[in-house]
Amino acid sequence: MSDKTILILGGGIGGLVAANELRRRVPPEHRVVLVEKNTRHAFAPSFLWLMTGDRKPEQISREVRQLVRPGVQIVTAQAETIDLNNRRVQTNAQELGYDYLVVALGAELVPETIPGLSETAETFYTFDGAQKLRDTLQTFRGGTVAVVVSALPYKCPGAPHEGAMLIADTLRRRGLSAQVDVHLFTPEPQPMPVAGPALGDAVKQMLTKQGIHFHPLHKLNAVNPQTRELVFENKDSFKYDLLVAIPPHRGAPILRAAGLTNEAGWVPVNRATMATSFENVYAIGDATMIPIPGRWKPDVPLVLPKAGVFAHAQAEVVAQRIAAELAAHAPTAEFPGMGYCMLEAGASTAGFAFGNFFAEPAPQVELRMVGGLWHIGKIMFEQWWLAPYGLKRDALAMGLELGSKGLRIPYLIPR
Ligand SMILES: Cc1cc2nc3c(=O)[nH]c(=O)nc-3n(C[C@H](O)[C@H](O)[C@H](O)COP(=O)(O)OP(=O)(O)OC[C@H]3O[C@@H](n4cnc5c(N)ncnc54)[C@H](O)[C@@H]3O)c2cc1C
């Protein structure tokens, strides 16, 4: 087979794993090219610790090239258009051809789509936002904190709950417990609805224990920055002193322009292979929308949450399938829908949610008790993710592998 070019768009969690796995698996005559607009990668799960002051910005970010296996060609550029017919991508620096395309462009945050939100809300959903919020929390004198999931879908179903608990914990550590009320609003009927009612109840208990007031079924229509009021659909408005938002998300506009998305702007894929309806074009991670078994209401299908753990596993599947094809073998790797999440609860503790999101008739996800072990597990995973290629990364992977065997969760093992 002649030399091929595998082009990966987006060097976040999914794109980095895809690039590294492909480079590991395909012979050197084939080119693996990673297009990423930023030179530095920031590890999003650690934005929460940036917000609490437990991490400095340089501790949770790395140069993209440090995280990439030798032999991957990095193009630091913004992808601007995709021509699926001619298999070409135009970036702001150059035009690139491909034989295989892996789309890993994630989701964009668009706070400006809700009136008043961008003028007044803080957020821990971005690198810069988490640092600003850290400073705000250090000087906050007390009052009502509203943490608001402003629209669906959003990435990491656990993060708003973790954020609310860590904000409460940070203010408690500042001695402000008596002067602060933390409220969490979401349009969803319960915490992490995709994982079913039992898990939702368990997370609600975690929130209650941390003193968080949980308000389900609250759809945000607008924010009034002058009166500091949240305006909800068919619910009373709510006054806040500090507003922390999970901003609305949308798919990358270039994917819609290329004709790769559904009406909502997300890329439909085969849930096992991550193939799109275009030959040799795959999509992974937050950019995709994957319906899964189970329903809350007859007219509301469930979709796989947007999470790094899924982007990671999907990237491995795509890399294995492309490598198999290039070796003239039938691809067999499939994404099984397994996932997990360490839910930070404050005071160096975390819970652990894990399970099979493709289980029938509905996802089977459970929550292990809150304790220090899962918090340490989250730190180990962070350290593995941010370690440059080499011995340190291998040693951390071995530690995680041993730990995960003890916990009987083999799909935790990173490469
Ligand atoms: C606060 C927070 C906590 C989280 N905690 C967890 C957790 O504990 N566990 C978990 O599993 N998930 C967690 N997540 C979610 C996780 O970070 C995302 O689901 C994951 O990053 C998705 O990976 P991705 O590769 O699809 O997208 P991303 O990682 O967002 O990567 C997309 C990349 O594409 C690049 N890009 C975008 N457009 C272009 C363009 N036009 N040209 C070139 N490059 C472009 C971006 O710069 C980015 O690097 C958390 C997220 C947040 C915000």
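1. Two strands are taken to pair if DSSP finds at least two bridges between them, and strands themselves are DSSP runs of E with at least two residues, numbered from the N terminus. The model is a predicted one, in which local features need pLDDT of at least 70 and side-chain atom pairs count only at pLDDT 80 or more, while totals for chains, interfaces and linings use all residues. Residues are numbered from 1 along each chain as its sequence is written, and side-chain values use heavy atoms, with hydrogens and water left out.

2. Strand β14 (residues 220-224) runs antiparallel to strand β15 (residues 229-232), and four bridges join them, with N224 standing opposite E229. The two strands form a hairpin with four residues between them, and in its turn R228 has a positive phi of about 50°.

3. β15 also pairs in the antiparallel sense with strand β16 (residues 238-239), over two bridges, and here E229 stands opposite K239. Five residues lie between the strands of this hairpin, where N234 takes a positive phi near 55°.

4. Among the polar contacts (pairs of N or O atoms within 3.5 Å), a backbone N or O atom of V309 lies 2.8 Å from a ligand oxygen atom, and a polar side-chain atom of K378 lies 3.3 Å from an oxygen atom of the ligand.

How values were computed:
Polar contact = N/O pair within 3.5 Å; in protein donor to acceptor, adjacent residues only side chain to side chain.
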